[in-house]
Amino acid sequence: MKEKILIAYFTHRGVNWREGKTIILEKGNTEIVAEKLQAMTDGTLFEIRKDGEYPKEDYKALVAEAMKEFKAQERPKLEKDIDTSPYGTVIICYPNWCGTAPMPIFSFIEQHDLKGKKIFLLCTNEGSGMGRSVEDAKKSLKDVPVASSLSVKGADAEKSDGILRSWAEENGILE
């Protein structure tokens, strides 16, 4: 029987940084990549959303809020939850904020018992790669190892099918 896959992602719609300037995105880069993975794997897609929204039109306000949460190491309350127990593989997708994952990602990780699951990390960014997100996620995951991680440039999200498929095949996510 094929192991169930959960694709849990945090994304930001609205103002984003792309290729040296701010732009407004109807759909966040991470959401685009998560949806592509869902189509390839037939996994369950779950959006990690903070209870309350981040600024959508003012980039400086967005960065200020993300930085405030990061400096305080906040674990924001999440809008909704999902039972992770039926899933053997969990792919956690997020943008690089403040050199790591957004704080709602750590809320999600720390609220779930992920022992015994294969954990994969996928980070969208505009050139900063994974930052410290893998190390930080490992601290939150405690004794749960990260099987593999992947960095995807946000500006390339729409055309990331090939790199996603290769990564998923190399890591046994696709049968």
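Colleague: Where is E19 found?

Modeller: E19 is found in the loop between strand 2 and strand 3 (21-25). Keep in mind that this is a predicted model.

Colleague: What is phi of E19 near?

Modeller: Phi of E19 is near 50°, which is a positive value in a residue other than glycine.

Colleague: And is E19 buried or exposed?

Modeller: Exposed, because its relative accessible area is 57% and the cut-off for exposed is over 50%.

Colleague: OK, what about Q73, where does that lie?

Modeller: Q73 lies in the loop between helix 2 and strand 5. Phi of Q73 is near 50°, again positive in a residue other than glycine. With 41% relative accessibility, Q73 counts as partly exposed.

Colleague: Which residue takes a positive phi just after helix 1?

Modeller: That would be D42, with a phi of about 60°. There is also G172, which follows helix 5 and has a positive phi near 70°.

Colleague: Let's stay with helix 1. How many of its residues are buried?

Modeller: Helix 1 is mostly covered, with 10 of its 13 residues buried. Among them are I32, V33, A34, L37 and M40, and the buried set also includes E31 and K36.

Colleague: How far does helix 1 reach from its first C-alpha to its last?

Modeller: Helix 1 reaches 19 Å, close to the 18 Å expected for its 13 residues at 1.5 Å a residue.

Colleague: Same check on helix 2: how far apart are its end C-alpha atoms?

Modeller: They are 20 Å apart, and the 14 residues of helix 2 should span 20 Å at 1.5 Å a residue, so the two values agree.

Colleague: Which residues are buried in helix 2?

Modeller: L62, A66 and E69 are buried in helix 2. They cover an arc of only 60° around the axis, so they sit on the same side of helix 2. K60 and K71 are exposed on the other side of helix 2.

Colleague: What do the buried residues of helix 2 pack against?

Modeller: They pack against strand 2 and helix 3 (103-110).

Colleague: And which residues of helix 5 are buried?

Modeller: In helix 5 (residues 161-170), the buried residues are L164, W167 and A168. These cover an arc of only 95° around the axis, which means they are on the same side of helix 5. What covers them includes helix 1, strand 5 (89-95), strand 6 and strand 7 (146-153).

Colleague: How do the residues of the lining of the largest pocket divide?

Modeller: The lining of the largest pocket has 10 nonpolar, 12 polar and one charged.

Colleague: What lines the largest cavity?

Modeller: The lining includes F10, H12, R13, E47, R49, K50, E53 and K56. By class, the largest cavity is lined by three nonpolar, three polar and six charged residues.

Colleague: And which residues line the second largest cavity?

Modeller: A66, E69, F70, W97, C98, T100, A101, P102 and M103 line the second largest cavity. Helix 2 gives the most here, with three residues. This lining divides into seven nonpolar, one polar and one charged. A66 and E69 are also among the buried residues of helix 2.

Colleague: Last one, K139. Which helix is that in?

Modeller: K139 is found in helix 4 (residues 133-141). At 64% relative accessibility, K139 counts as exposed.

Colleague: How far is the C-alpha of K139 from that of I7?

Modeller: The C-alpha atoms of K139 and I7 are separated by 20 Å, and the two residues are 132 residues apart along the chain.

Notes. Residues are numbered from 1 along each chain as its sequence is written. This is a predicted model: local features need pLDDT of at least 70, side-chain atom pairs count only at pLDDT 80 or more; totals for chains, interfaces and linings use all residues. Side-chain values use heavy atoms; hydrogens and water are left out. Helices (H or I, at least four residues) and strands (E, at least two) are DSSP runs, numbered from the N terminus. Buried means under 20% relative accessible area, exposed over 50%, partly exposed in between (1.4 Å probe, protein chains only). Ala, Val, Leu, Ile, Met, Phe, Trp, Tyr, Cys and Pro count as nonpolar, Asp, Glu, Lys and Arg as charged, and the others, Gly among them, as polar. The expected span of a helix is 1.5 Å times one less than its number of residues. The arc is that of the directions from the helix axis to the C-beta atoms. Contact means heavy atoms within 4.5 Å. On a 1 Å grid over the protein atoms alone, a cavity is a set of points where a 1.4 Å probe fits but cannot get out, and a pocket is an open set with protein on both sides within 12 Å along at least five of seven lines; lining residues have an atom within 4 Å of a point.
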